[in-house]
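Here's a friendly walk through a two-chain model, written for someone just starting out. Have a look at the picture before reading on.

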Amino acid sequence: MMLKTILGMVLYIVFAPFVGGLLAGLDRKITARMQGRIGPPILQPFYDVRKLINKDILLINNMQYLFAWCFVIFVVFTGALFYGGFNILLVFFVLTTAAMFFVLEATTTNSPYSVMGANREMIQMLSYEPMVLLTAVGFYVATAFTTGTGAGTFSVASIISESNIPNIVVLPGVFFGFAFILTIKFRKSPFDLSMSHHAHQEMVKGITTELSGGMMALIEVSHWYENVFLLGVVALFVLCNKWWSIPLAILVCAITYFVEILVDNTSARVKWENMFKHSWIITLIFGVVNIFILQMLS
Amino acid sequence: MAKLAKSPWLIHYDGSSCNGCDIEVLACLTPVYDVERFGVINTGDPKHADIFLITGGINSQNKAVVEQIYSQMPDPKVVCAVGICACNGGVFKDCYNIIGGVDKVLPVDVYVPGCAARPDAIIDGVIKAVGILEEKRKKKGGKH
């Protein structure tokens, strides 16, 4: 058990940037193809990061440096806890802390675009946070069914090793809700309010406006870490103690990621009121009702 | 190995021009020319940019703007003047408000002539600028 935990954490810390970078490269390639372009090479995100490391860093103040590093450390810590098989509630709380540090970093710069980006990031957090918490609750309620013991668990390791069937079977609503807020977390259109990856910039570069050189590279890499962690949560919906759940989980992750790219390319950015309203409505209808029905059945 | 060459990010500023070159710069991003296949991103943030692409001449009003954008870009950086107006003022050269080409206020590294500069010429200029960017990095002694 101890060995598995350490192995999971080390594998995540070492390989997540490579997987995340490749995913980002694939994302840009698929996006380009959807727009009828050839697109950059798959390894482009790595070239970008290498370039950024070789550029000067223009710091606004030292707090920016501190908070950006805190963001990176907490994001990596979030994923490490998750892949180490710890309590999923703890994982989500650490993720929120990381997001808060990112907001603080942008706020300390006192630049209008950066601060506006930070404000929007907070609205984004307000929009996705209920669903993230409900996902943890959903796993607790669902494992009471899927393990057959009648007792739920928050532990990621136990969710995988004790479930006899994939949890998505009893959590379709929660999965849909989580996939919906993933659009916000992946910073995809229509919910890329605080910062956009594309050339059609929103508020210059929103929350990352004041980051330059190596600092920007660091933030890019931590976004890769974050994306790999989020896809891990998607996989958790499918993983159980059967061998066939592993290829199935990879397939579900691939489909989810592709759908996110498709949504990104086919929708325009919405106002924050719209994002807030829709994410909470989806959370209520799909997340709460799903968990409520499960509670009634138990 | 070239550390900057594969990912040149542009910031584009349109000075005192007829907007012809401006449109051609944006044409580079379209599926026909798809400049992103070289890793080029048209960013709006000077702090993320490596190449400062200027179209149109410099007048007394945009002089300060151009200088400010340039000062906000982290080193190493290059300036690319696109179109004849950016090179030396073009047809507007003798106007009372025109100071001249971009080189009157900033050290220009690459001149892309043309009226309007064609997208292929602009891409060519960017590729040249990338080479100069790499030289500047080496002169600085690699990493800072």
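What follows goes from the whole chains down to single residues.

## Before we start

This is a predicted model, so local features need a pLDDT of at least 70 and side-chain atom pairs count only at pLDDT 80 or more, while totals for chains, interfaces and linings use all residues. Residues are numbered from 1 along each chain as its sequence is written, and chains are lettered from A and ligands numbered from 1 in the order in which they are written.

## Chain A: helices

Chain A has ten helices and zero strands. (Helices are DSSP runs of H or I with at least four residues, strands are runs of E with at least two, and both are numbered from the N terminus.) Its C-alpha atoms fill a box of roughly 55 × 45 × 40 Å along the principal axes.

How does chain A compare with the globule rule in radius of gyration? It comes out at 19 Å, close to the 19 Å the rule gives for 298 residues, so chain A is as compact as a globular protein of that length. (The radius is taken over C-alpha atoms, and the rule is 2.2 Å times the number of residues to the power 0.38.) Of the 298 residues, 51% count as buried. Buried means that 20 or more other C-beta atoms lie within 10 Å of the residue's own; exposed means 12 or fewer, partly exposed is in between, and the C-beta atoms are placed from the backbone.

## Helices side by side

Two packed helices are described by the angle between their axes and the distance between the axes. Take α4(A), residues 88-108, and α5(A), residues 112-146: their axes come within 10 Å and cross at roughly 175°. (Axes are lines fitted to C-alpha atoms, for helices over the stretch in contact, and angles run from 0 to 180 degrees between N-to-C directions.) The two helices are therefore roughly antiparallel to each other. By class, their contact has 15 nonpolar, four polar and two charged residues. (Ala, Val, Leu, Ile, Met, Phe, Trp, Tyr, Cys and Pro count as nonpolar, Asp, Glu, Lys and Arg as charged, and the others, Gly among them, as polar.)

Now for α8(A) and α9(A), residues 245-266: these axes come within 9 Å and cross at roughly 125°, so the pair is oblique. (Under 35 degrees counts as roughly parallel, over 145 as roughly antiparallel, 65 to 115 as roughly perpendicular and the rest as oblique.) On the α8(A) side, A:L231, A:V234 and A:A235 make the contact, and among their partners in α9(A) are A:V252 and A:Y257. That contact divides into seven nonpolar, one polar and no charged residues.

Chain B has four helices and seven strands, in the order β-α-β-β-β-α-β-α-β-β-α along the sequence. Its C-alpha trace spans about 45 × 35 × 20 Å along its principal axes. With 144 residues, a compact globule would have a radius of gyration near 15 Å, and chain B agrees at 14 Å. In chain B, 47% of the residues count as buried.

## Where the chains meet

How many residues of chain A are in contact with chain B? There are 26, and they touch 21 residues of chain B. (Two residues are in contact if their C-beta atoms, placed from the backbone, lie within 7 Å.) On this side of chain A, α2(A) gives the most, with five residues. The chain A side divides into nine nonpolar, nine polar and eight charged residues.

Helix α2(A) is also mostly covered, with eight of its ten residues buried. What covers those buried residues includes α1 and α8 of chain A.

Most residues other than glycine have a negative phi, and most peptide bonds are trans. A:R187 isn't a glycine, yet it has a positive phi of about 60°. A:R187 sits in the loop between α7 and α8 of chain A, and is buried, with 21 other C-beta atoms within 10 Å. That loop also holds A:P190, and the peptide bond from A:S189 to A:P190 is cis, with omega near 5°.

Chain B has its own examples. B:N19 is not a glycine but has a positive phi of about 80°. Is B:N19 buried or exposed? With 11 C-beta neighbours inside 10 Å, B:N19 counts as exposed. There's a cis peptide bond too, joining B:D75 and B:P76, with omega about -10°.
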